Amino acid sequence: MDGASEQSENRIPLFRPMRQPAANCAATVDFHALIPLDSGRFPALGGVDLFAAFKKTLFLACCVLLLGSQAAMAQLFETRAKQAFLVEAETGTVLFSKNPEERIPPASLAKLMTMEVVFNAIKSGRLSLSDEFYVSEHAWRTGGAVSGTSTMFAEIKSSVPLEALIQGVIVQSANDGCIIIAEGMAGSEENFAQLMTERARKIGLTDSEFVNATGLPAEGQHVTMRDLVTLAMHLQKEYPEFYKYYAQEAFTWNKILQRNRNPLLRMNIGAEGLKTGYTEASGYAIVGAVNRNGRRLFAAMSGLSSESERAEEARKLLDWGIRAFEKIELFEAGETVGRVSVFGGDRAELAVRADGPIAIFRPITNADRLRARIVYQGPIPAPVEEGMQVGTLKVWIGDTLSQETPLYAAESVKEGGLPDRALDAMGELLIGWLRKYRS
């Protein structure tokens, strides 16, 4: 969409919600309200005023006929990766997204989930860093010195302290270390993989399945870039005392020194490490983090053709994320975000707000790419209690959904009298008729 047509659309005030969005609208939920971008209330947002709204009239229903399709905006950044996802940690702003839900085999990236299970067990008191784990023949043959895979060279039938195993897995990508831990904690890799998937669901990984602790090729095992970033952010937030291991430059075990395989650590960009991986099916992949200039970013990328391309594309994405965005505050804590429609109440609308301040990172040179909508299912039936969650504020940067913030009723609405309910019912019937006519 060119600048002129976009400017024209931005002058449209906040629409009354509809039971379903018009065809080709960006929102894919049952109700949405379009936030205008032409008043001066929030210059930081390009002038967002969430309070301009039509009153409850028949003209409102006709707005459904005026909503046109929106052309997708081009990405603000280009990468050779087939899948990529970049998030700013403090605000949760999605800075870049490319096929983030596309499934790939995890390779060694699965070891991030292996470590989450271990860290959780230590935090809950079930394990300690000094606990020793036995090296079985299976662990030695499958992931040890004779396996031809990444290994920490743990000796068969020896015992290894858990802290050493953690460093072996994180720094050296040790397959033997993963299997040793899995057998020691759950009796077998299969049992441990079930724990991995169960924990994944509990911490918000919605589309990842694990079959083993190493990430070695196995049917039914997959992850997504979105899930991997969610996992990396979780590790940093919940286990800061263990997260530091991902930035460790080298580790020695059995008199063999091996350096961390994450190339970002040697680029002087504020990298905090995390994990690399490779499979023939999906190419070279990486999960990385940087902490620089007071900002922490997490990225996941896959589908790259070589180690050098992986390193360069990851560096470019993270550097761009640090330099190309600025933080702005959209709303202070307790500030009204907007108003939503109510059905059968003693008033037609109610104010909504977040449970804290809302801030986001926006592009410095493409500030006009910021768009926002209040999304909810409604009209919301009365009565409504103050503090009830009633919707979500969704913010887009270009064509990327960058942030979602729950919205709550800022006031209570009582059930209206019979005339109010009758008028609302008539309005809903008319809107439904117009939708049917338009389709």
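Two strands are taken to pair if DSSP finds at least two bridges between them, and strands themselves are DSSP runs of E with at least two residues, just as helices are runs of H or I with at least four, both numbered from the N terminus.

The model is a predicted one, in which local features need pLDDT of at least 70 and side-chain atom pairs count only at pLDDT 80 or more, while totals for chains, interfaces and linings use all residues. Residues are numbered from 1 along each chain as its sequence is written, and side-chain values use heavy atoms, with hydrogens and water left out.

S10 also pairs with strand S9 (residues 283-292), again antiparallel, through eight bridges. Here Arg-292 stands opposite Arg-295 in S10. As for S10 itself (residues 295-304), nine of its ten residues are buried, so the strand is largely enclosed by the rest of the structure; buried here means under 20% relative accessible area with a 1.4 Å probe, counting protein chains only.

Stepping back to the whole protein, there are eleven helices and 18 strands. Of its 439 residues, 54% count as buried. The protein exposes about 19200 Å², with carbon and sulfur atoms supplying 50% of it; these areas come from the Shrake-Rupley method with a 1.4 Å probe. Among contacts (heavy atoms within 4.5 Å) with a separation of 6 or more, 65% involve residues 24 or more positions apart.

How values were computed:
Buried < 20%, exposed > 50% of the residue type's maximum accessible area, 1.4 Å probe, protein only.
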